[in-house]
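Here is a short report on one structure. Keep the sequence and the 3D view open while you read.

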Amino acid sequence: MNTSLKLKDLIHKEMRLAPGHRMCQGCGAAIVVKMVLLAIDKPVVACSPTGCLEVTTCISDYTSWKIPWIHSAFENAAVTLAGVETMYKALKKRGKISQDMVFVVFAGDGGTHDIGFQSLSGVMERGHDLLYICYDNGAYMNTGTQRSGATPFGASTTTSPAGSVIPGKLQLRKDIVKIMAAHNIPYAAQASPSHHLDLMRKVQKAVSIPGPKFISILSPCHRGWRSHVDDAITISKLAVNTCFWPLYEIENGKTRLTYIPKEKLPLEPFLKMQGRFAHIFQGENTWMIEQSQRHVDDEWNALLSLGAPTDPEK
Amino acid sequence: MKKKMTAVTGNEALAEALRQINPDVCAAYPITPQTDMMQRFSDFVADGLVETELMLVESEHSAMSGCIGASVGGGRVATATSGPGLALMWEMLYVASGMRCPIVMAVMNRALSAPLNIHCDHSDAMGARDSGWIQLWSENAQEAYDNLIMAFRIAEHPDIRLPVMVCMDGFIISHSVGVMEFLSDDVVQRFVGEFIPHEPLLDVGHPVSYGPLVVIDQYHEYKKAQSDIMDSVFDVAAAVAQEFESISGRRYGLFESYRLEDAEFGIVVLNSAAGTCKDMIDEARENGVKVGLLKPRLFRPFPYAAVADALSHLKAVCVLDRSDSFGAFAPLYVEIAASLYPRATRPVLLNRIYGLGGRDFMPEHVEAVINEMKDMAGLKAPALQKKYISLRQYL
Amino acid sequence: MKTKIINVSNCRPVIKEPGNSAAFKTGAWRSLEPIFEKEFCSNCLLCWLYCPDMSIVVRDGQMTGFDLDYCKGCGICALECTGKKGRKAIRMKKEEKA
């Protein structure tokens with residue numbers, strides 16, 4: 001029986017991430033982790049790769065994790081936790097452990113789309129029983145906003161800066177949710193902290209399914225995005241309502257939109273909120289606005305046509 | 001006590017050891033010449049002869065990562081690899097030792113690319129010598145089997161808790177049939193004992209966080225502590241070897257010393273080539289040449305004082321390295337030189353590189369090396385202190 | 001903050017006190033501080049949910065204020081506050097430091 005997701009009930013749950021962590025003020029990743037942990041009732045064993053979340057929650061003799069947690073390296077969070085999960089299976093088989101628990105990776109887009117991709121793919125293919133959460137802020141934020149395979153088209157990062165010859169990142173983002181679903185895993189989804197009920201329901205659903213599950217969650221970073229310190233929720237809400245960040249799930253290969261905006265907003269205001277896109281509004285770069293809008297529209301239309309959309313909520 | 005001798009390959013022997021030990025988790029990736037060992041072990045898993053959970057990962061980096069996760073989770077973990085596979089794990093070897101994971105890994109020594117070569121040399125394990133892993137080297141299938149069993153006791157010792165790699169020559173030992181004796185299942189299991197987890201991640205009632213970021217105020221001390229723990233390995237290895245002797249009748253020290261006490265010349269060599277050397281040493285002895293051999297077993301930590309005690313009286317020592325450090329003396333030579341440096345009297349040292357990429361090491365190569373030492377006029381260090389031998393066509 | 005003195009018996013990089021980061025008071029990072037006006041609070045509890053630093057204090061199911069030991073002054077609570085009677089219950093104010 002799942003925990004109620006009403007806030008007045010959730011406030012009685014233990015907060016398994018402690019304050020005193022070194023995440024920036026207004027960090028989206030902290031909100032994502034909080035929401036995911038609140039949605040899970042069972043004990044959680046977690047793993048993070050090197051990245052913002054990892055360095056800020058476990059430094060020298062201090063940890064913000066009130067659950068068992070491991071960091072081993074950058075490219076292997078999925079397989080490190082799969083090793084823990086495999087040991088759990090082994091010990092359970094031998095009768096040395098009986099406690100029920102859930103395994104969750106909290107990884108950034110760097111440790112997921114790029115350097116962590118191989119080990120993640122292997123884990124998904126081998127069918128380990130764990131939930132992989134990617135907190136996606138669209139760059140290697142911890143080391144100073146270098147571009148990743150998740151950086152959106154047109155964004156200026158420190159390794160794909162908006163220069164006079166090359167105007168930012170010219171490649172599209174990897175479609176990680178569909179890539180994960182293509183591993184024939186039982187559940188893959190995309191979520192946003194702005195729509196916390198949708199996010200938490202997805203987490204609850206995921207942990208109730210045995211096998212490998214993947215959820216990509218938008219994690220606004222006002223530093224790397226050069227937006228405003230307090231806009232994590234507002235900007236992610238806009239990301240969802242412009243369909244830049246559609247909320248959907250793929251369950252056993254069947255795609256289902258879990259939220260349809262009452263009105264699909266144009267992308268421009270979302271881009272305008274972020275300094276990393278400032279250059280595409282200037283001079284000869286404005287073609288990039290249309291291009292971005294087209295990418296969003298194409299993906300949204302593809303999602304709309306893929307399966308019966310659910311009733312719009314909220 | 002009548003011993004039951006059997007004829008098996010090195011890989012068979014190690015697969016059997018692992019079957020007897022029945023670790024909780026094994027995460028491994030196939031690579032020649034390790035593959036055969038893991039395939040045999042996979043048969044054991046598929047037939048329910050072991051309870052080991054086998055993680056068939058998609059790369060060696062993931063193999064070591066999975067092993068670390070499993071070990072930290074709180075159980076006994078083993079794996080195996082060779083050559084480029086070990087090289088791919090390099091980053092994670094340091095993490096395994098830094099995190100004090102008592103993982104045991106068999107290494108079927110293989111050359112590193114490029115060019116690609118699947119045959120034996122020691123460049124793989126030598127490349128890992130700084131990683132904080134304990135290293136045991138094995139001349140033949142019997143030694144590899146015995147070392148693998150002892151490795152678990154050394155690794156899991158409460159004062160140690162460090163990973164151990166057990167090396168044996170790829171193809172030469174891993175794939176060729178040798179005569180050896182297996183211990184019985186219950187003797188092995190009693191010797192290895194129950195795994196005692198330390199700060200297990202899976203104990204959700206006592207949540208722990210592994211792998212913090214530490215900055216300049218702590219890292220140096222973490223490494224000093226690791227270095228200090230390595231110093232404790234000698235006594236632990238000796239105690240384990242003594243206990244092992246009582247169950248097997250086979251005695252193991254930090255190294256093997258062969259006809260060294262009254263020798264004038266010495267050969268230092270690791271692994272299987274030691275066998276060829278010992279045969280040729282016997283022949284040389286019959287011709288009146290006083291030569292002996294030292295075959296290191298524990299390479300990390302390196303027993304400098306004991307090695308110097310064994311070699312310092314010699315007039316000349318030829319260190320045979322089956323790997324090279326380009327632009328420098330080879331790894332084994334460097335350790336021998338370091339052990340002898342503080343001694344008032346010490347032999348002339350020669351570094352001879354042999355057998356890279358599986359190049360056969362023949363009796364005539366040993367003979368040549370013995371003669372070279374014998375013929376050294378006035379025993380002055382020769383012009384070419386480091387030389388490649390066992391060369392074929394080279395201009 | 002003092003770090004432990006390392007020796008061979010504690011040199012495994014593992015932290016055995018869960019959540020002990022609470023000893024690090026991130027409230028010192030603030031330049032804006034949140035001000036609470038309870039009469040405009042609808043008790044939606046979204047501020048509690050959104051606060052990245054667990055600095056919204058809820059007692060007996062009611063939002064009562066802030067944990068200034070940890071509040072970094074990001075202002076998410078103020079921006080997202082649903083408020084009541086057309087006014088928000090939280091606003092950010094430039095903090096006067098002693």
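## Cis peptide bonds in chain B

B:A114 sits in the loop of chain B that runs between strand 5 (104–109) and helix 6 (123–127). The model is predicted. The peptide bond from B:S113 to B:A114 is cis, and its omega is near -5 degrees.

B:R300 and B:P301 are joined by a cis peptide bond, with omega about 0 degrees. B:P301 belongs to the loop between strand 13 (298–300) and helix 12 (304–311) of chain B. Most peptide bonds are trans.

## Positive phi angles

Most residues other than glycine have a negative phi. Now take A:S60. This residue is not a glycine, yet its phi is positive, about 50 degrees. Find A:S60 in the loop between strand 2 (58–59) and strand 3 (62–63) of chain A. A:S60 has 18 C-beta neighbours inside 10 Å, so it counts as partly exposed.

B:R100 also has a positive phi, near 55 degrees, and is a residue other than glycine. Its place is the loop between helix 5 (90–98) and strand 5 of chain B. Is B:R100 buried or exposed? Count the C-beta neighbours inside 10 Å: there are 23, so B:R100 counts as buried. The cut-off for buried is 20 or more.

## Two helices that cross

Two packed helices are described by the angle between their axes and the distance between the axes. Turn to helix 7 (residues 141–156) and helix 10 (residues 233–248), both of chain B. Their axes come within 10 Å and cross at roughly 130 degrees. The two helices of chain B, helix 7 and helix 10, are therefore oblique to each other. The crossing of helix 7 of chain B past helix 10 of chain B is right-handed.

Which residues of helix 7 of chain B make the contact? They are B:D146, B:M150, B:R153 and B:I154. From helix 10 of chain B come B:V233, B:V236, B:A237, B:V240, B:A241, B:F244 and B:S248. By class, the residues of this contact between helix 7 and helix 10 of chain B are eight nonpolar, one polar and two charged.

## Where chain B meets chain A

Here 37 residues of chain B are in contact with 37 residues of chain A. On the chain B side, the elements that give two or more residues are strand 2 (25–28), strand 3 (53–56), helix 3 (60–74), helix 5 and strand 9. Helix 3 of chain B gives the most, with eleven residues. The side of chain B that touches chain A has 20 nonpolar, twelve polar and five charged residues.

Strands pair across this boundary too. Strand 4 (residues 69–70) of chain A and strand 9 of chain B pair in the parallel sense, over two bridges. A:I70 has B:Y210 in strand 9 of chain B as its bridge partner.

## Where chain B meets chain C

How many residues of chain B are in contact with chain C? There are 19, and they touch eleven residues of chain C. Strand 9 (209–210) and helix 9 (219–231) of chain B each supply at least two residues of this side. Helix 9 of chain B has the largest share, six residues. The side of chain B that touches chain C has nine nonpolar, five polar and five charged residues.

Strand 9 of chain B pairs with strand 1 (residues 14–15) of chain C. The sense is antiparallel, over two bridges. B:Y210 stands opposite C:V14 in strand 1 of chain C. B:Y210 is also the bridge partner of A:I70.

Definitions and conventions. Residues are numbered from 1 along each chain as its sequence is written. Chains are lettered from A and ligands numbered from 1 in the order in which they are written. This is a predicted model: local features need pLDDT of at least 70, side-chain atom pairs count only at pLDDT 80 or more; totals for chains, interfaces and linings use all residues. Two residues are in contact if their C-beta atoms, placed from the backbone, lie within 7 Å. Helices (H or I, at least four residues) and strands (E, at least two) are DSSP runs, numbered from the N terminus. Ala, Val, Leu, Ile, Met, Phe, Trp, Tyr, Cys and Pro count as nonpolar, Asp, Glu, Lys and Arg as charged, and the others, Gly among them, as polar. Two strands pair if DSSP finds at least two bridges between them. Axes are lines fitted to C-alpha atoms, for helices over the stretch in contact, and angles run from 0 to 180 degrees between N-to-C directions. Angles under 35 degrees count as roughly parallel, over 145 as roughly antiparallel, 65 to 115 as roughly perpendicular and the rest as oblique. A crossing is left-handed if the near helix is turned anticlockwise from the far one by less than a right angle, and right-handed if clockwise. A residue is buried if 20 or more other C-beta atoms lie within 10 Å of its own, exposed if 12 or fewer, and partly exposed in between; C-beta atoms are placed from the backbone.
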